[in-house]
Amino acid sequence: MSQAVVFQLFDEYLNMMKKQIIYTFYSFNKNKGVEVRKQHLQKKNGTLAAIFALSLSLSACGGGGSSASGSDGNTNGGTQTPSVTVSSSVSTVAAGDGSVQLSAQITGSTSAVTWSISPAGIGSLDSTSGTQVKYIPPLAGTVLADTPVTITASAGQVSKSVSLTVQRAAGVALLAGDYGRMVDGPVNISKQLRPGNAVTDSKGNLYVINSGMSIRKITPDGNVSTIAGSVMQGTLKEGNANDVNFSSLNQLAIAPDDTLYAIDVIDKTIKKITTAGVVTTIAGPLKPNNKESFDKLTSLAVAKDGSVVFSDAIWDQENMPVSVPAPNVYRVKNGIVELLNSKSNINVVAMGVDSRNGDIYALESYFGGLVKLQITGSNIVAQPFQWLRGRGITDFNYAAIAINSQGIVYIASITDNKVFAMNSGANPVVFLSAPVTEAEGLNSFQDGLLATAKFSDVNGLAIDAADNLYLTEYHNEKVRKITATGLVSTISGAPHRGIQSGLATDSRFSTLFGVTLDATGNIFLSESGYNAIRKLDKNGKVQVFAGGNAASGYADGIGNAAKFNYPMGSFINADGALLVADTYNQLIRKVDTNQKVTTLAGRQGVSSRIDGSISGASFRSPYSVVQDKSGNIYVGETYSIRKIATTGQVTTIAGGKYQLATVGGVTTFIYPDGPALSAGLGYVYGMTIDSKDNLLFADCYSHRIRKLTPNGEIMTVAGSLNSERGKTDSNGINARFACPNAVVADESDNLYVLDYGNRLIRKITPQGDVTTVVGNGSYLSSVGKLPANLSSLSGLAYDKNSRSLLVTTDAALFRVVLP
């Protein structure tokens, strides 16, 4: 812009001020532009002394940065406007990769820089202001195809955008529900995974078994941490507490010095966990120079002399699981394990210690009562305290016990879903609360006053020094507290289960099994815990599509008017109708696109294997269902595969009964291949049909993936012919699985398998090569880049449009984007 033009503009400005100003000088600086200053401003109506300054600062547009940079500095007749220049360190980034550095240069404006991203949800920015920000790509598994992302920097009225391409990357992503089921941290966000037995220490800390694999600690100030047990699968049984792999913990006890003791029922051992975090074995097969063998370790306590007392239930092998009386109480004292001499025919299943005097009380299952254990030398006598049979407890084999400072004994009957208190008075049994009803559902609970509180599936009890009672709830996955004044609260276990619909990110589920999707991308889920069929639509909304009653039942009807009883497998047919294996109703149901539920085959509540017409035939726990291109429906059930032909006839086409063999004097189940009706099948949990019309199925009990060929032969695709359990990646029969429970085929006949017992997703090529795609054996779920990890695997579907898997766990739906 020329100096004359600047002067002309200024003269026009002076005319606009009605020529009432007299200027004194101009000065021109070619580097900074033009400065115009005027001093001694005058007006007709008087004289005003002031300083008036007008500054125009114009700069030429600047380049720089990567090829993704640019500016909006336009030139029109020699006049420059403010501009923004944006540069990016890269132009493409894969989902799950590291952050991308972005920078902006602003000229001609003093406005602050703000940033935005479009479309929303494809990654994020670490800040929305400043001249430098970082773009954080989305997690691997969340992008189904290469996707352009536009990032814009703005300053005042000017802005500039840069485009990045986010590339598809293999990984695992959460679609709906809540996968965080064992979370440490403050109690308001902490989560419990199948909490069990519990104890308190001298400092008021509460220790809780989680899912049989770890011990969690809840401090009085409200923090939850894992103090023993690894969430990884492994073989370490002793050593550092955080590295040890417990098999299945079910009981805890604590000594006056706060040393913990625990029963590992699968290993049949007694563990010691010191306050320094070291795990050792004090009784059982792993103990050096072990001379004991146990059958079913059930209860544990620390006596007043510091010895560890435990019981080993004796089971009648002819009439399992009926327990029979026998001396079954052991003691570990000074490192020596001994069976205590007893003239009492008792079967101890739970123990508790009276903190006032160290007396041990026990629940005895055979006669059904509470007894006091008197130990003198190597002898033990059971003194009756209260007989309880007929007073609300029907099953004494599964119970927990705790004693407060007043001698009140609290008992949780797990099977009966009741919690009550007992003393030696005239009315010894007082229920603390009524159990939740079937209509309310197993996962119901309510805090507040004890008189109106609700508890569900209480699995453990503990008392602290202030007589606060702590209860663990197995299915609700919560730790509850009852104060001495009768106020009930939840102290750990953030809500994650239920039948909450709405946005997928807010939805909650309980015990998901089947998953399938229709041609338009809607996903349907069988929710066994709430007897519902849920739908996740393409817009990310979850709704109850059919059923949805917490209480089980049977009814055909529209939407919520229909009732199911533990629906499991599901399949979308060519008409878009949903076929459902209604397992406990023993039926195959159909849900059409208008949400109308009808019964296709079976007799409600009749569990048997009877062929015939669809109204006369019956099923035995149908687990899975598929339909072929001719319209025939196949049902996987206990020990067999059934066919519902288009003619309306139901026939058994494979298996039909369990098979036994005796090897070395031991009788066991066998699962031979061969002609379909002669073959031995286990539990047929999942089925799929490949391009050659083979019916492939996951046989949980034989630990194999098998197929029924079109010519009627059962063959093993992968897994041990001897039904050996394992997790070996190999070829065909050299590979090993642990209760595979779902299988799907892609367009190239690659098979994907949920390996439930190993917490893995495996791939089987058409050549029989088995590899692990998802999982590291951990009990915890994690998302992002493969292998990631998923636990409690239940349902599987293949989405050919995105070349991905849909996977359900018991409380969440995931997508696995395949490599």
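User: Which residue in β53 does Ile 588 stand opposite?
Analyst: Ile 588 stands opposite Ala 601 in β53. Keep in mind that this is a predicted model.

User: Good to know. How many bridges join β52 to β53, and do they run parallel or antiparallel?
Analyst: There are 4 bridges between β52 and strand β53 (residues 596-601), and the strands run antiparallel. Their hairpin has 4 residues between the strands, and Gln 595 takes a positive phi near 70° there.

User: And what about the pairing of β51 with β52?
Analyst: Strand β51 (residues 578-582) pairs with β52 in the antiparallel sense, over 5 bridges. As an example, Leu 578 has Val 591 of β52 as its bridge partner. In the hairpin of β51 and β52, with 4 residues between the strands, Gln 586 has a positive phi near 65°.

User: Is β52 largely enclosed or left open by the rest of the structure?
Analyst: Largely enclosed, because 4 of the 5 residues of β52 (residues 587-591) are buried.

User: Switching topic: how many disulfides are there?
Analyst: The count comes to 1 disulfide. Cys 700 and Cys 739 form it, with their sulfur atoms 1.8 Å apart.

User: Left-handed or right-handed?
Analyst: The torsion about the S-S bond is about -95°, so the disulfide of Cys 700 and Cys 739 is left-handed.

User: What does the pair tie together?
Analyst: Cys 700 lies in the loop between β63 (695-699) and β64 (704-708), while Cys 739 lies in the loop between β65 and β66, so the pair ties together parts that are 39 residues apart in sequence.

User: Are those cysteines buried or exposed?
Analyst: Cys 700 is buried, and Cys 739 is too.

User: Last one, Arg 736. Where is it?
Analyst: Arg 736 sits in the loop between β65 (713-718) and β66 (740-745).

User: Does an arginine there count as buried or exposed, and why?
Analyst: Arg 736 counts as buried, because its relative accessibility is 15% and the cut-off for buried is under 20%.

User: What does its side chain reach?
Analyst: The side chain of Arg 736 reaches the backbone oxygen of Ile 733 at 2.7 Å.

User: And which residues is Arg 736 in contact with, leaving aside neighbours within four places in sequence?
Analyst: Those contacts of Arg 736 are Gly 719, Ser 720, Glu 724, Gly 726, Lys 727, Thr 728, Asp 755 and Arg 762.

User: How far apart are the C-alpha atoms of Arg 736 and Ile 705?
Analyst: They are separated by 9.9 Å, with the two residues 31 apart along the chain.

Terms used
Residues are numbered from 1 along each chain as its sequence is written. This is a predicted model: local features need pLDDT of at least 70, side-chain atom pairs count only at pLDDT 80 or more; totals for chains, interfaces and linings use all residues. Side-chain values use heavy atoms; hydrogens and water are left out. Helices (H or I, at least four residues) and strands (E, at least two) are DSSP runs, numbered from the N terminus. Buried means under 20% relative accessible area, exposed over 50%, partly exposed in between (1.4 Å probe, protein chains only). Contact means heavy atoms within 4.5 Å. A polar contact is a pair of N or O atoms within 3.5 Å; within protein, one must be able to donate a hydrogen and the other to accept it, and residues adjacent in sequence count only if both atoms are side-chain atoms. A disulfide is a pair of cysteine sulfur atoms within 2.5 Å. Two strands pair if DSSP finds at least two bridges between them.
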